[in-house]
Amino acid sequence: MMRKLKYTLLFLCFAFFSVKAGIKHPLHVSTTEVNFNAKDKTLEISCKIFSDDFEAILAKLYKQKTDLSNATMKTAMDELVKKYLLSHLQLKANGKAVAMNYIGFEIDHEATNIYLEVEKVAAVKSVEVNDTILYDMFDDQMSIVHVVKGSTRKSTKILYPEKKFTANF
């Protein structure tokens, strides 16, 4: 028993210091939240992606230097983030494809938060999310998806190669 505890503590210490030392994290996950704003008649979308993974896929796909935290590269990074997200995340509201407007991104510790919006959504009976974020990088990618309408939250996890989740209200 003591030996098992010793190895568990050793593993946890190694895991903690590996993350601090910049060694890649073993979990490949992103989160997407779609929130229906009835007052403004919009769908507000936010995505959270580990910055190191996100920079790696942007560099690989678009063959250019990426640094999401570099303020002097903000305009160039906005273009890449917008291009990537709009091609890897699609929504349908009430069975119809909707156009998302890219708002921007910000760095939050080790994650990048990306914001999008769909305008002129009068009511929501269903929201379908088609999410392939980081699928072109990892075959163990997990996407956590939340769809919120008022006080009702519908959530799921989508595991590669699955891509769709529909929330009905």
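Read along the sequence, the protein chain follows the pattern α-β-β-α-α-β-β-β-β-β-β-β-β. That pattern comes from three helices and ten strands, where helices (H or I, at least four residues) and strands (E, at least two) are DSSP runs, numbered from the N terminus.

The model is predicted, with local features needing pLDDT of at least 70 and side-chain atom pairs counting only at pLDDT 80 or more, while totals for chains, interfaces and linings use all residues. Residues are numbered from 1 along each chain as its sequence is written, and side-chain values use heavy atoms, with hydrogens and water left out.

**Stop 1: the whole chain**

Select the protein chain. Of its 169 residues, 39% are buried; buried means under 20% relative accessible area, exposed over 50%, and partly exposed in between (1.4 Å probe, protein chains only). Among the contacts (heavy atoms within 4.5 Å) with a separation of 6 or more, 59% are between residues 24 or more positions apart.

**Stop 2**

Next, show the open sheet of six strands, ordered 5-6-2-1-8-9 with mixed pairing. Two strands pair if DSSP finds at least two bridges between them. Strand 5 (101-108) and strand 9 (152-159) are at the edges with a single partner strand each, so one side of each has no neighbour in the sheet. On average, neighbouring strands of this sheet are turned by 15 degrees against each other, direction ignored.

Zoom in on strand 5 and strand 6 (residues 111-118), which run antiparallel and are joined by seven bridges. Pick phenylalanine 105 and look across to strand 6: its bridge partner there is isoleucine 114.

**Stop 3: helices 2 and 3**

Select residues 51-62 and 74-88, which are helix 2 and helix 3. Their axes are 11 Å apart and the helices pack at an angle of about 90 degrees. Axes here are lines fitted to C-alpha atoms, for helices over the stretch in contact, and angles run from 0 to 180 degrees between N-to-C directions. Helix 2 and helix 3 are therefore roughly perpendicular to each other; angles under 35 degrees count as roughly parallel, over 145 as roughly antiparallel, 65 to 115 as roughly perpendicular and the rest as oblique.

Which residues of helix 2 and helix 3 make the contact? On helix 2 they are Phe54, Ile57, Leu58, Leu61 and Tyr62, and on helix 3 Leu80, Val81, Lys83, Tyr84, Leu85, Ser87 and His88.

Helix 2 lies across strand 2 (42-50), strand 5 and strand 6, and runs at about 95 degrees to strand 2. Helix 3 lies across strand 2, strand 5 and strand 6 as well, running at about 115 degrees to strand 5.

**Stop 4**

Move to the open sheet of four strands in the order 4-3-7-10, where the pairing is antiparallel. Strand 4 (96-98) and strand 10 are its edges, each with a single partner strand, so one side of each lacks a neighbour in the sheet. From one strand to the next, the twist averages 25 degrees. Helix 3 packs on this sheet too, touching strand 3 and strand 7, and its direction makes about 50 degrees with that of strand 3.

**Stop 5: strand 7**

Select residues 126-131. How many of the six residues of strand 7 are buried? Six of six are. In a regular strand the side chains alternate between the two faces of the sheet. Here Ser126, Glu128 and Asn130 point one way, and Val127, Val129 and Asp131 the other.

Strand 7 is joined to strand 3 (residues 89-93) by five bridges, running antiparallel. Across this pairing, leucine 91 has valine 129 as its bridge partner, and glutamine 90 stands opposite asparagine 130. Strand 7 also pairs with strand 10 (residues 164-168) in the antiparallel sense over five bridges. There, glutamate 128 stands opposite threonine 166.
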